[in-house]
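Let's walk through a protein model together, one question at a time. Keep the 3D view open and click along as we go.

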Amino acid sequence: MKIINLAKAIRRRDPAMRSWCEIVLYPGFWVVLFHVPAHFLYRCKLFFLARFVSQVSRWLTGIEIHPGVRMGDGVFIDHGYGVVLGETCVIGNNVLIYHGVTLGATGNETDASRRHPQVGDDVVIGAGALVMGAINIGNGAKIGAGAIVVSDVPDGGTVVNEPGRLVGHETSLRREIKELWHSIDEIKSDCE
């Protein structure tokens, strides 16, 4: 089911995809295929094997995802080269991550079990953004390209610049309308 949801997310988010056959050309697709068994091995405490699978994936795709990362359905890493996702990251559903993004630690975290960001559902993280530390990125948030984010972002918030600065915040009604359109688009794609 995770792979089917990923394929639908890629089709929905990338207008350059002309046919379903092209899915095999996306590194963001392959990295998730590798991450599923790597994460399973990690949960089984087979750490060396998990890291080996993730390293093979990195060599093939240019995307580094630690096997401990927990990912929801429909996480699409577009272009992907240079993406780094740290061990304790938690990523929600339908998240779009562009190339060069780092979800990393600052080194100042006091809790070793939570050093990396937790990203909500329907988040977009622009190219080259650095999201650092044990912070929360709210549902529907947008992180601009090149932003450096070291503090929490509220639901529907938009962060740009270096250091990251909150410039917008969607009201709950606007977010609900966006979610409704998102559901309609999914129904349309299922009918095609």
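This is a predicted model: local features need pLDDT of at least 70, side-chain atom pairs count only at pLDDT 80 or more; totals for chains, interfaces and linings use all residues.

## Pockets, cavities and pairs

Q: What is the phi of Asp122, and where does Asp122 lie?
A: Most residues other than glycine have a negative phi. Asp122 lies in the loop between β8 and β9 (124-125). Asp122 is not a glycine, yet its phi is positive, at about 55 degrees.

Q: How many residues of the lining of the largest pocket are charged?
A: Sort the lining by class. Three residues are nonpolar and three are polar. The charged ones number nine.

Q: What is the volume of the largest pocket?
A: A pocket is an open set of points, whereas a cavity is a set where a 1.4 Å probe fits but cannot get out. For the largest pocket, the volume is about 280 Å³.

Q: How many cavities of 30 Å³ or more are there, and what is the volume of the largest cavity?
A: Now for the closed spaces. The count of cavities of 30 Å³ or more comes to two. The largest cavity has a volume of about 40 Å³.

Q: Which element gives the most to the lining of the largest cavity?
A: The lining is made by Val31, Phe34, His35, Ala38, Ser54, Ser57, Ile63 and Ile65. The elements that give two or more residues to it are α2 (27-43) and α3. With four residues, the biggest giver is α2.

Q: How many charged residues are in the lining of the largest cavity?
A: Five residues of this lining are nonpolar. Another three are polar. As for charged residues, there are no such residues in it.

Q: How many residues of the lining of the second largest cavity are charged?
A: The second largest cavity has a volume of about 30 Å³. Its lining is Lys2, Leu6, Val32, Met71, Gly72, Asp73, Gly74 and Val75. Four of these are nonpolar and two are polar, and the charged ones number two.

Q: Which residue forms a salt bridge with Arg58?
A: Side chains of opposite charge can pair when their charged atoms come close. The structure holds two salt bridges. In the one with Arg58, the closest N and O atoms are 3.3 Å apart, and the partner is Glu64.

Q: Are Arg58 and Glu64 buried, partly exposed or exposed?
A: Again, buried means under 20% and exposed means over 50%. Arg58 has a relative accessible area of 31%, so Arg58 is in between. Glu64 has 27%, so Glu64 also counts as partly exposed.

Q: How many residues apart are Glu87 and Arg115?
A: The side chains of Glu87 and Arg115 meet in a salt bridge, at 3.0 Å from N to O. Glu87 sits in the loop between β4 (84-85) and β5, and Arg115 in the loop between β7 and β8. The pair links distant parts of the chain, and the separation is 28 residues.

Q: Is Asn94 buried, partly exposed or exposed?
A: Find Asn94 in the loop between β5 (90-91) and β6 (96-97). Asn94 has a positive phi of about 55 degrees although it is not a glycine. Its relative accessible area is 15%, and the cut-off is under 20%, so Asn94 is buried.

Q: What is the area of the nonpolar surface patch that includes Phe52?
A: Phe52 is found in helix α3 (residues 47-61). With a relative accessible area of 45%, Phe52 is partly exposed. Together with Leu46, Phe48 and Leu49, Phe52 makes a nonpolar surface patch of about 430 Å².

Definitions and conventions
Residues are numbered from 1 along each chain as its sequence is written. Side-chain values use heavy atoms; hydrogens and water are left out. On a 1 Å grid over the protein atoms alone, a cavity is a set of points where a 1.4 Å probe fits but cannot get out, and a pocket is an open set with protein on both sides within 12 Å along at least five of seven lines; lining residues have an atom within 4 Å of a point. Grid points are joined across faces, edges and corners, and a volume is the space filled by probe spheres set on the points. Ala, Val, Leu, Ile, Met, Phe, Trp, Tyr, Cys and Pro count as nonpolar, Asp, Glu, Lys and Arg as charged, and the others, Gly among them, as polar. Patches are made of residues with over 30% relative accessible area and no salt bridge: like charges are joined within 9 Å, nonpolar side chains (Val, Leu, Ile, Met, Phe, Trp, Tyr) within 5 Å. Accessible areas come from the Shrake-Rupley method with a 1.4 Å probe; for residues, only the protein chains shown count as cover. A salt bridge is a side-chain nitrogen of Lys or Arg within 4 Å of a carboxyl oxygen of Asp or Glu. Buried means under 20% relative accessible area, exposed over 50%, partly exposed in between (1.4 Å probe, protein chains only).
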